[in-house]
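Me: Hi, I'm new to this one and would like a quick tour. Can I put the model up and start asking?

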Protein chains: 2
Amino acid sequence: MTNKIVISIDAMGGENAPAKCIEGVALFIKKNKSNDFIIQLHGEEENIISELKKNNIYKHDQIEIFKASSVVSDEDTPLTAIKNSKDSSMWNAIEAQTKKNADISLSAGNTGVMLVISRMILKMIDSVKKPALAALWPNEKGFNVVLDLGANVECDENNLVEFAEMGAALFKSIFPNEEPKTALLNIGSEEMKGTETLKKAFQKLDIVSQKNIFKFNGYIEPNKITYGESNVIVTDGFTGNISLKTAEGTAKFITDNLKKYLLSSWLSKFSLIFSYFSLKKFKERLDPRRFNGAIFLGLNGPVVKSHGATDSLGFYYSIDLCYKIVRGDLMKKIKANLNE
Amino acid sequence: MTNKIVISIDAMGGENAPAKCIEGVALFIKKNKSNDFIIQLHGEEENIISELKKNNIYKHDQIEIFKASSVVSDEDTPLTAIKNSKDSSMWNAIEAQTKKNADISLSAGNTGVMLVISRMILKMIDSVKKPALAALWPNEKGFNVVLDLGANVECDENNLVEFAEMGAALFKSIFPNEEPKTALLNIGSEEMKGTETLKKAFQKLDIVSQKNIFKFNGYIEPNKITYGESNVIVTDGFTGNISLKTAEGTAKFITDNLKKYLLSSWLSKFSLIFSYFSLKKFKERLDPRRFNGAIFLGLNGPVVKSHGATDSLGFYYSIDLCYKIVRGDLMKKIKANLNE
């Protein structure tokens with residue numbers, strides 16, 4: 001263990017790697033002036049060095065380079081990846097937590113492969129039955145943590161309780177000044193609504209929450225996710241993935257239509273001169289790059305998945321998320337919540 | 001049977017009843033110049049007459065009034081409603097299909113009660129195992145039919161196949177010039193993704209679709225619902241309700257934020273002078289009143305539920321939906337599809 005926060009990055013994952021990734025690192029170093037972190041870069045050495053030079057951060061004393069012999073592709077299945085990729089940049093970036101003092105691993109590569117090899121390398125926390133994929137979701141007051149977003153198609157009530165405990169720990173580590181308020185995603189707010197699994201999880205969370213590690217607000221309907229009254233939204237991976245993708249699709253549909261209508265006449269095009277700054281702020285507020293990064297929870301170490309198609313700014317935000325998670329002592333908080 | 005389309009309306013359901021409802025009727029009569037329909041109004045006679053007078057359609061020859069002795073309230077449960085409400089406006093509006101030659105029933109009242117008493121009065125179609133709640137959902141090319149939106153928390157593969165058959169019939173009756181293209185809502189588009197129920201439904205729909213009653217496009221992810229490549233989106237009631245409410249919540253969150261930012265400075269407020277007509281068109285395009293009305297399918301007669309909080313324009317659209325459904329011969333199409 002070093003005293004510094006060590007972020008281990010698969011520099012070759014996602015579109016436009018390693019350029020996008022190294023630009024994100026450069027941005028992070030520029031914005032975060034402290035020297036309490038180290039960035040490890042795993043991948044093709046020459047490629048990485050060339051990009052570091054372009055961004056004027058070659059031989060920066062907070063950057064370490066580790067050569068990897070291959071790259072996991074989007075076409076790889078977990079099976080082919082495990083067979084072929086024990087020295088891939090993704091594998092090494094995750095394994096750095098057990099071999100190179102890394103505190104957290106980040107990749108924008110193949111999600112399916114990442115979930116499987118993370119689990120192989122880091123192993124599950126003893127008492128946790130199923131891991132979960134969590135992400136940030138904007139609300140009126142800031143952000144929610146929502147989980148599971150697709151690691152598990154089916155979950156029982158005990159899994160959901162563990163998700164609440166891990167999600168509350170994640171929320172508290174990213175937002176140390178706020179109180180985690182959990183809720184179960186359901187089709188109604190009355191106690192009689194929903195599946196049998198949800199009803200059992202409701203009962204258990206009601207008891208767990210009396211230990212004061214987090215508040216439990218009962219059920220939440222998806223149209224209220226953005227209200228901010230609850231900020232840790234718990235669901236099974238199928239439902240969470242459906243909800244997340246519906247929100248993405250709806251947001252895109254609306255903003256595409258807005259753009260289309262605003263550009264449909266010379267008069268409204270002209271109006272953009274005056275609304276430019278307000279629309280820019282509106283766009284920034286909802287910019288998905290600001291909450292780029294899904295966190296894989298339940299393993300003996302945190303792993304963050306950046307969106308594969310994001311750009312350098314999106315990648316910057318996922319590095320910043322890694323930094324906050326380690327600084328907020330996520331692993332310690334998870335274990336404390338699970339032990340309660 | 002009369003040759004006219006008979007639409008039976010619970011005039012007392014939802015907020016601001018019967019005013020909102022009668023205004024909607026007046027709008028429908030104004031816009032639909034044909035005399036091929038009859039509107040039945042069920043509820044408090046004096047109240048209805050007074051509203052008809054206000055709207056200058058009292059004693060209109062296409063309107064019939066039927067007195068009901070009570071009104072189902074939002075606080076009623078199916079149990080209390082059945083006990084107390086055999087002569088309620090909702091009950092009578094639905095029963096008109098068996099007793100007063102009505103072709104379709106419409107209410108903006110208590111959804112839970114409506115689902116239960118519709119089923120009691122109209123009975124299920126013999127071969128259908130579970131009824132479904134369907135609604136229109138805008139896409140790039142027009143509208144999707146999405147079902148089930150909450151009538152059933154859990155569904156098996158046979159239910160999903162029936163939903164596809166009924167949904168395709170509904171789509172064809174509302175949009176006679178378009179081809180129904182069904183898809184199963186899932187968290188991925190690959191055949192291996194999703195629950196066991198979805199995988200079995202996929203296999204069955206693949207076979208059913210070879211009979212050419214509708215196209216089957218396989219799985220669809222929720223972020224592609226608005227693309228319009230599939231237009232009959234099939235899912236269980238839990239998932240459908242989660243997806244619908246997520247879309248509602250996201251749409252509201254985005255448009256609220258847009259409004260906030262556009263009104264945040266005098267400069268962008270000024271811009272509204274020039275973008276007014278474009279933003280108005282944008283708003284109209286996404287106006288939920290335009291697709292107000294959920295259709296209850298699987299019974300021996302169609303029942304439409306209007307949003308309780310909608311206004312007269314929203315109510316007008318739900319009457320228009322009823323008109324199109326009967327003109328498009330929904331019940332005949334459903335039975336044809338189920339018999340294939």
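Me: Which residue of chain B does A:Lys245 form a salt bridge with?
Reply: A:Lys245 pairs with B:Glu221, and their closest N and O atoms are 2.6 Å apart. Bear in mind that this is a predicted model.

Me: How many salt bridges are there between chain B and chain A?
Reply: The count between the two chains is 2 salt bridges. There are also 8 residue pairs in polar contact between chain B and chain A.

Me: Which elements of chain B supply residues to the side that touches chain A?
Reply: β5 (132–139), α8 (237–262) and α9 (266–285) of chain B each supply at least two residues. α8(B) gives the most to that side, with 18 residues.

Me: And what area is buried between chain B and chain A?
Reply: About 4600 Å² is buried there, and carbon and sulfur atoms give 76% of that area. The contact takes 48 residues from chain B and 48 residues from chain A.

Me: Let's look inside chain A. How is chain A divided into domains?
Reply: Domain 1 covers 1–124 + 298–328, and domain 2 covers 129–297. Taken over C-alpha atoms, the centres of these two domains of chain A are 25 Å apart.

Me: Which residues in domain 1 of chain A lose the most area to domain 2?
Reply: Those are A:Leu115, A:Gly298 and A:Leu321, which together make up 27% of what the domain 1 side buries.

Me: What about salt bridges, how many are counted between the domains of chain A?
Reply: The count between domain 1 and domain 2 of chain A is 1 salt bridge. Elsewhere on the polar side, 6 residue pairs are in polar contact between these domains.

Me: Switching topic: in what order do the strands of the chain A sheet run?
Reply: The 11 strands form an open sheet in the order β3-β2-β1-β4-β11-β10-β5-β6-β9-β7-β8, with mixed pairing. The edge strands are β3 (63–67) and β8 (215–220) of chain A, and each pairs on one side only. From one strand to the next, the twist averages 25°.

Me: Which strands of chain A does helix α4 touch?
Reply: Helix α4 (residues 89–99) packs on the sheet and touches β1 (5–10), β2 (37–43), β3, β4 (104–107) and β11 (303–305) of chain A. The direction of α4 makes about 165° with that of β1(A).

Me: Do β5 and β10 of chain A run parallel or antiparallel?
Reply: They run antiparallel, with 4 bridges joining β5 (residues 132–139) to β10 (residues 294–297) in chain A. A:Ala132 in that pairing stands opposite A:Leu297.

Me: Last one: how far apart are the closest N and O atoms of A:Asp256 and A:Lys252?
Reply: They are 2.7 Å apart, and the two residues form a salt bridge. A:Asp256 and A:Lys252 are separated by about one helical turn because they are 4 residues apart in helix α8 (residues 237–262) of chain A. Over all chains, the structure holds 21 salt bridges.

Note on methods
Residues numbered from 1 in each chain as written. Chains lettered and ligands numbered in written order. Predicted model: local features only at pLDDT ≥ 70, side-chain atom pairs only at ≥ 80, totals over all residues. Heavy atoms only, no water. Pairing = 2+ DSSP bridges. Axes fitted to C-alpha atoms, helices over the stretch in contact; angles between N-to-C directions. Contact = heavy atoms within 4.5 Å. Domains from an automatic or database assignment. Buried area = accessible area lost by both parts, 1.4 Å probe. Salt bridge = Lys/Arg side-chain N within 4 Å of Asp/Glu carboxyl O. Polar contact = N/O pair within 3.5 Å; in protein donor to acceptor, adjacent residues only side chain to side chain.
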